[in-house]
Each structure stands twice: as structure tokens, then as C-alpha cells.
Amino acid sequence: MSTTTATRHSRRPKKTLLEPTSKETYDSPKLVVPVDPNRDHVQGDPKAVLTLVEYGDYQCPFCGAAYPEVKKVQKELGSKLRFVFRNFPLTNIHEFAMTAAETAEAASAQGKFWEMHDFLYEHQATLADHSVALGYAKKLGLDTQRFEREIAQHVQEKRIKDDFMGGVRSGVNGTPTFYVNGVRHDGPAEAEALVESLRTKS
Amino acid sequence: MILNPGRKAPNFSLNSTPDQKVSLKDFRGQPVILAFYPADWSPVCTDQLSLYAMVMPEFKKFNAELLAISVDNIWSHLAFAKDRKLNFPVLADFEPKGDISRKYGAFKEKIGESARALFVIDEQGIVRWSHLSPDGVNPGAEGILSALEQLNAPKAQ
């Protein structure tokens with residue numbers, strides 16, 4: 001578990017007199033893997049005019065902090081927004097991130113992705129103990145034998161790795177990384193900044 | 001100004017551990033990625049080198065080596081590399097401080113740190129792609145992968 005106190009949103013280029021300087025203006029990278037409602041986890045109206053894509057890691061504290069911010073954005077924009085979550089587990093620094101991603105995907109296989117996604121972010125401190133998520137899977141009425149088997153056999157590993165590489169090719173440089181209508185959002189991972197970005201890029 | 005594509009990459013020999021040095025010319029015959037960065041210990045979830053450690057299998061598909069370079073000393077590098085499970089050499093441009101970073105145009109004199117600059121060097125030791133990130137921007141891995149693909153693009157024989 002990371003204990004860093006630094007903020008996630010320090011990557012916007014700042015004016016500086018320090019050398020060397022970058023001569024070009026900075027273009028935010030674009031999402032190169034289009035949203036596919038048949039594959040992606042999409043929340044909200046599939047035909048919404050605004051799309052927010054998050055590449056996230058369930059163990060990342062910045063993602064945990066961004067989770068309620070996304071909820072606020074969804075509340076504010078309502079049916080105008082669809083929200084897409086893709087996996088970007090930083091497994092070399094977050095030892096529980098892969099299992100957590102597999103847990104959400106195993107719930108997804110039984111139609112309960114968003115329930116488990118929310119639960120994991122709301123219980124980040126318990127990720128080391130898989131029985132907590134298993135208990136929730138039971139509560140959701142999932143076939144827990146199948147759920148456990150799919151996690152143990154890494155059935156969703158390829159999908160998660162595909163999400164990851166698609167993110168890398170789109171310029172994901174840490175977690176969380178958001179895309180607003182297909183363009184990387186380099187501002188703060190906070191509701192106000194996300195809403196403003198969504199409104200100006202619509 | 002950072003070294004532009006087409007230039008010969010200056011050789012160097014820098015410590016990767018207290019008693020081992022790594023030289024650029026050791027890797028002649030394969031592509032080399034040089035990642036200059038300001039300092040060890042940036043926040044984990046946004047750490048450029050942690051991301052590269054995860055993308056390493058993709059770099060390896062191009063037979064590429066990655067060498068990370070900053071002015072931090074070797075003991076900081078060792079602790080940092082262990083903590084972030086880095087799977088490539090992290091070199092100390094420590095004495096004379098920033099000497100190699102300067103040769104690549106990737107040293108910020110006023111604050112005494114390497115810039116966040118990337119170079120892809122081909123099998124013959126020629127810089128084929130370079131990129132300087134704006135302050136505070138982690139460039140991610142996409143530019144490197146595109147540059148490696150370009151190297152691999154079929155050449156006229």
C-alpha cells in the first residue's frame with residue numbers, strides 16, 4: 001500500500017525559465033482504442049454525448065481518491081455522460097492490483113461489474129484479504145464457485161493485459177488517467193476539473 | 001537543446017552498482033532506450049520508471065535495452081530500483097555531476113537535475129528519436145514504442 005502524499009495532478013506543463021525548454025506546445029495524447037460497448041464496461045447512457053474513460057488500478061490511492069469525484073461528475077452530468085472503466089494495474093508496485101482487477105472482471109462475467117468495482121474502491125484497505133470481496137460476491141448472489149475458479153485460473157488476465165497495453169499505446173502514464181471525449185485529461189482528477197473539461201470538449 | 005535524431009549518441013560509462021559500470025557501447029548491435037529523469041522517488045502511481053518496468057516485455061520484443069539515468073547516487077538508485085522492482089539498469093550520473101546528461105542536452109543547470117528526456121538509439125549507436133517532456137509531465141511509454149516500431153520498419157536493402 002502506498003503512503004505517498006503527493007498529488008496525482010502535477011503533470012500539466014508549467015511555465016518555467018529553467019533550461020532546457022520545450023519549444024513545441026504540448027498536445028495531450030489521444031485514446032487509440034475506441035470505446036466498444038460490447039467489450040468495455042460502460043456506465044450511463046450508451047448514446048450519451050460525453051464520454052469519460054478512466055484507466056485505473058484498484059490498489060492505487062489516487063484512483064481511490066478519484067472514485068468519489070467520478071461519482072460527482074456522473075451526478076452532475078446525468079444522462080449526458082457515459083463512463084468507461086478500463087484496467088491499468090501497476091502490478092510491480094501494487095501487489096493486490098491484479099487480483100482485484102480479476103475480481104471485478106469475475107463479477108462482470110456474472111453481470112455485476114459495477115457493483116464489484118464500487119465495492120473494491122470503497123474497501124481499498126481490505127484488498128490484501130480476498131475473503132472480503134468473496135463475502136460481497138456472496139451477498140450479490142453470484143455463483144461463488146465459478147467466481148473463485150475464474151479468479152484462480154486467471155480467466156480474465158488477457159483482457160486485463162489488453163486493457164493495459166491499449167492504455168500504454170494511448171499515453172497512459174500513471175493511474176488514474178482519464179480521457180475526455182478521447183483526449184487525455186491532464187488536469188486534476190477532481191470533479192470540477194473533469195466537468196469543465198467535459199463541457200469544453202463537447 | 002536535446003540531441004536530435006541523426007546524431008551519434010555520445011558514449012558513457014556509468015555505475016549501475018557500487019562496483020559495476022555500464023557503457024553505452026556494450027549494447028552496440030541492439031536498440032537502446034535512454035531515459036533521463038530528474039530524481040528517484042517520484043510518487044509511485046505516476047512513476048515513469050515503474051511504468052517502464054511493466055512495459056519491459058514490449059521493449060524486449062524489439063530486442064531493446066533500457067538504461068535509466070539521473071544524478072542521484074548509486075545507493076539511492078539501488079533502494080529505488082528495489083522498491084519499484086525495476087528490471088533494467090539505473091545509472092548514476094553523479095560524478096562529475098550531470099556530465100552525461102549535459103552531453104545529451106538533458107541537464108537543467110539551474111536546479112542541477114537531469115531533464116525528463118528520452119532517446120532511442122539504433123544498432124549503430126545513432127540517435128533515431130528524442131523527446132523532451134514538459135516539466136512535471138511523465139511522457140509514458142507510447143513514444144518509445146512508436147520509435148522502436150520505426151526502427152523495425154523495413155529498410156531498403
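## Close-up views of a predicted model

View 1. Over residues 1-7 of chain A, pLDDT stays under 50. For these residues the model has six contacts beyond four places in sequence. Remember that this model is predicted. Residues 9-24 of chain A also keep a pLDDT under 50. Here the model has 31 contacts beyond four places in sequence. Chain A as a whole averages a pLDDT of 90. In chain A, 87% of the residues score at least 70.

View 2. How many helices and strands does chain A have? The count comes to seven helices and five strands. Read from the N terminus, the elements run β-β-α-β-α-α-α-α-α-β-β-α. Chain A has 202 residues, and 42% of them are buried. Now take the contacts in chain A between residues at least 6 apart in sequence. Of these, 74% join residues at least 24 apart.

**View 3. Five strands of chain A form an open sheet.** The strand order is 1-3-2-4-5, and the pairing is mixed. Strand 1 (41-44) and strand 5 (183-185) of chain A stand at the edges. Each has a single partner strand, so one side of each is left without a neighbour in the sheet. From one strand to the next, the twist averages 25 degrees. Helix 6 (residues 157-169) of chain A packs on this sheet. Helix 6 touches strand 2, strand 3 and strand 4 of chain A. The direction of helix 6 makes about 110 degrees with that of strand 3 of chain A.

**View 4. Strand 2 and strand 4 of chain A run antiparallel.** Strands of a sheet pair through backbone hydrogen bonds, either parallel or antiparallel. Here, four bridges join strand 2 (residues 50-56) to strand 4 (residues 177-180) of chain A. Which residue of strand 4 is the bridge partner of Leu52(A)? The partner is Val180(A).

**View 5. Helix 3 of chain A has buried residues under a cover of other elements.** Helix 3 spans residues 113-122 of chain A. Its buried residues are Met116(A), His117(A), Phe119(A), Leu120(A) and Tyr121(A). What covers them? The cover includes helix 1 (61-77), strand 3 (81-87), helix 2 (97-108) and helix 4 (130-139) of chain A.

**View 6. Helix 4 and helix 5 of chain A pack at an angle of about 145 degrees.** Helix 5 covers residues 144-152 of chain A. The two axes are 10 Å apart. The crossing of helix 4 and helix 5 of chain A is right-handed. Helix 4 of chain A brings Leu134(A), Ala137(A) and Lys138(A) to the contact. Helix 5 of chain A brings Thr144(A), Phe147(A) and Glu148(A).

**View 7. Strand 3 of chain B is covered on both faces.** This strand spans residues 32-36 of chain B, and five of its five residues are buried. Val32(B), Leu34(B) and Phe36(B) lie on one side. Ile33(B) and Ala35(B) lie on the other.

**View 8. Strand 3 of chain B pairs with strand 4 and with strand 8 of chain B.** With strand 4 (residues 65-70) of chain B, the pairing is parallel over five bridges. Leu34(B) has Leu67(B) as its bridge partner in strand 4 of chain B. Between strand 3 and strand 4 of chain B, the chain crosses through helix 1 (residues 48-60) of chain B. This β-α-β crossover is right-handed. With strand 8 (residues 117-121) of chain B, strand 3 of chain B pairs in the antiparallel sense, again over five bridges. There, Phe36(B) has Ala117(B) as its bridge partner.

Notes: Residues numbered from 1 in each chain as written. Chains lettered and ligands numbered in written order. Predicted model: local features only at pLDDT ≥ 70, side-chain atom pairs only at ≥ 80, totals over all residues. Buried ≥ 20, exposed ≤ 12 C-beta atoms within 10 Å, placed from the backbone. Helix = DSSP H or I, 4+ residues; strand = E, 2+ residues; numbered from the N terminus. Contact = placed C-beta atoms within 7 Å. Pairing = 2+ DSSP bridges. Axes fitted to C-alpha atoms, helices over the stretch in contact; angles between N-to-C directions. pLDDT = per-residue confidence, 0-100. Right-handed = clockwise from strand over helix to strand, strands pointing away. Left-handed = near helix turned anticlockwise from the far one by under 90°.
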